[in-house]
Amino acid sequence: MDAASFRRSGHDLVDWIADYLESPERYPVLSQVAPHAIRSALGAAPPDEGEPFERIFADFERILVPGLTHWNHPGFLAYFPSTGSGPGILGECLAAALNQQAMLWRTSPAATELEQVVLDWLRQLIDLPPGFDGVIYDTASISTFHALAAAREHAVPGVMLHGLAARSLPPLRVYCSEQAHSSVDKAVIALGLGKSGLRKIAVDELFQMRPEALADAITRDRADGCLPVAVVATVGTTSTTSVDPVPALADICARERVWLHVDAAYAGVAAMLASHKDVLHGAERAESVVVNPHKWLFTPMDLSALYARRMDVLRAAFALTPEYLQTSDGPDARNLMDYGIPLGRRFRALKLWMVLRSFGRRGIEAHLLRHIELARRFAEWVDAHPHFTRVAPVRFSVVCFRWTPAVEPAALNRLNAALLDAVNRTGDVFLSQTILDGHVTLRLAIGHERTMIEHVERAWTLLQEHASRLHAGAG
Ligand SMILES: *Cc1c(COP(=O)(O)O)cnc(C)c1O
């Protein structure tokens, strides 16, 4: 592709993106294709001859666009929404163009140092103390994996050298609540602790970890000869956004000398708000904290920030320098490859820098407050309706509720699942579900930059319409 063709196709592409961002509502938010439809429409064999970009792009529009679920649609109210904001998208484009690979300081001083600067800005925004340093990974799952690897290294120094099998170690134990994210399970699997090495601690009626249950579990494990390694507290659980009592958990971890990791992937950014300062209380005493700007901070996938007070432990768990990567840059030059598994690293910090500068603290706060207010409005409608029931407090921008018509209770799970499908099939909004206490629960999550009151109203109207239709059909 020569410069002239790049320029021409690039301009066309930016026009296409601008149109897309202006009106993603021309597409159904949840893709309506059937499994395999996309695969069978694409060529089965690779091309022998090169093709012009226009033709490739035409196939993108014709074949791939119908298979997109539009995370940038303002009716996206499922899971935790993520916004590819304008400045974030431009930052991502530029990062692709520059193709930086920041494994060593010298392979990209700018990417290495900008990463430290944006992490420090975000740290200040959410008011973590200056003792926290950090590193950027792709996802919270990988951040938590690295935090727990550091915890393991801390508890049994030298695991890096000898492995788990080579020594007669006691069984290692990690603790999280029943409501913690499955990434904690995956981390213990990958770290060789086994799923039975993870203790799921009971929650109270607000879905928050019970500190006394944690203390009991640790005492019991010690009596059985196990070694407690880490506690994962969640600030903003994935199902209900409940917040574990981090100060009480930090007390237990201090007493037991156990690594405390705080998973604040979604809700951590809310600590920017005066109204929500308390959500990270206690996190200042944690060893590590993860926050995902690609969730509620208008940064396109992917960017997860891991903060740690003991970067030296993280480094001890992973640092090794093969001959071909030795440098003479000295101790002030941070080599990001030393802080985890990946050697190659994308220039992720660039898009976050552009987002933070474009929105500014006030711009971000205004969006977060608006999302929280919209969630409260929706919760009020649910609360006022005789046949809908809210099942968890609304602390941030997620509402968990059930459709509870006067039918056999045994039928409710099936009816709620049917209602969700019916509403999602409209293509106007996309909601997701979870299971709480065995009950299928609907989840409406607000977090997109362009989600406004009309989108939340539309979701509510569709829920009521399809509920009466299903009820009439059932009766
Ligand atoms: C979304 C989420 C994760 C996983 O995030 P990824 O970045 O997709 O790995 C982990 N923990 C919590 C609490 C989450 O909400």
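Student: This is a predicted model. Which residue in β8 does Val135 stand opposite?

Tutor: Begin with the strands. Five bridges join β2 to β8, residues 304-308. The two run antiparallel. Within β8, the residue opposite Val135 is Leu306.

Student: How many of the five residues of strand β2 are buried?

Tutor: Buried means under 20% relative accessible area. Strand β2 covers residues 133-137. It is largely enclosed by the rest of the structure, because the buried residues number four of the five.

Student: Which residue in β10 is the bridge partner of Phe388?

Tutor: Look at the strands β9 and β10. Three bridges join β9 to β10, residues 398-403, and the two run antiparallel. In β10, the partner of Phe388 is Trp403.

Student: Which residues are buried in helix α8?

Tutor: Helix α8 runs over residues 182-190. What covers its buried residues includes α6 (140-155), β3 (172-177), β4 (198-201) and β5 (227-234). The buried residues include Ser183, Val184, Asp185, Ala187 and Val188.

Student: Which residue takes a positive phi just after α8?

Tutor: Helix α8 covers residues 182-190. Just after it, a phi of about 80 degrees belongs to Gly192.

Student: Now the ligand. Which residues come nearest to it?

Tutor: There are 14 residues around the ligand. Those that come nearest are Ala140, Ser141, Asp263, Asn292 and Lys295.

Student: What is the distance from a polar side-chain atom of Lys295 to an oxygen atom of the ligand?

Tutor: Thr238 has a side-chain N or O atom 3.3 Å from a ligand oxygen. For a polar side-chain atom of His294, the distance to a ligand oxygen is 3.3 Å. For Lys295, it is 2.8 Å.

Student: How much of the ligand's accessible area does the protein cover?

Tutor: Take the ligand on its own. Its accessible area is then 390 Å². Of this, the protein covers 88%.

Technical notes
Residues are numbered from 1 along each chain as its sequence is written. This is a predicted model: local features need pLDDT of at least 70, side-chain atom pairs count only at pLDDT 80 or more; totals for chains, interfaces and linings use all residues. Side-chain values use heavy atoms; hydrogens and water are left out. Two strands pair if DSSP finds at least two bridges between them. Buried means under 20% relative accessible area, exposed over 50%, partly exposed in between (1.4 Å probe, protein chains only). Contact means heavy atoms within 4.5 Å. A residue is near a molecule or strand if one of its heavy atoms lies within 4 Å of it. A polar contact is a pair of N or O atoms within 3.5 Å; within protein, one must be able to donate a hydrogen and the other to accept it, and residues adjacent in sequence count only if both atoms are side-chain atoms. Accessible areas come from the Shrake-Rupley method with a 1.4 Å probe; for residues, only the protein chains shown count as cover.
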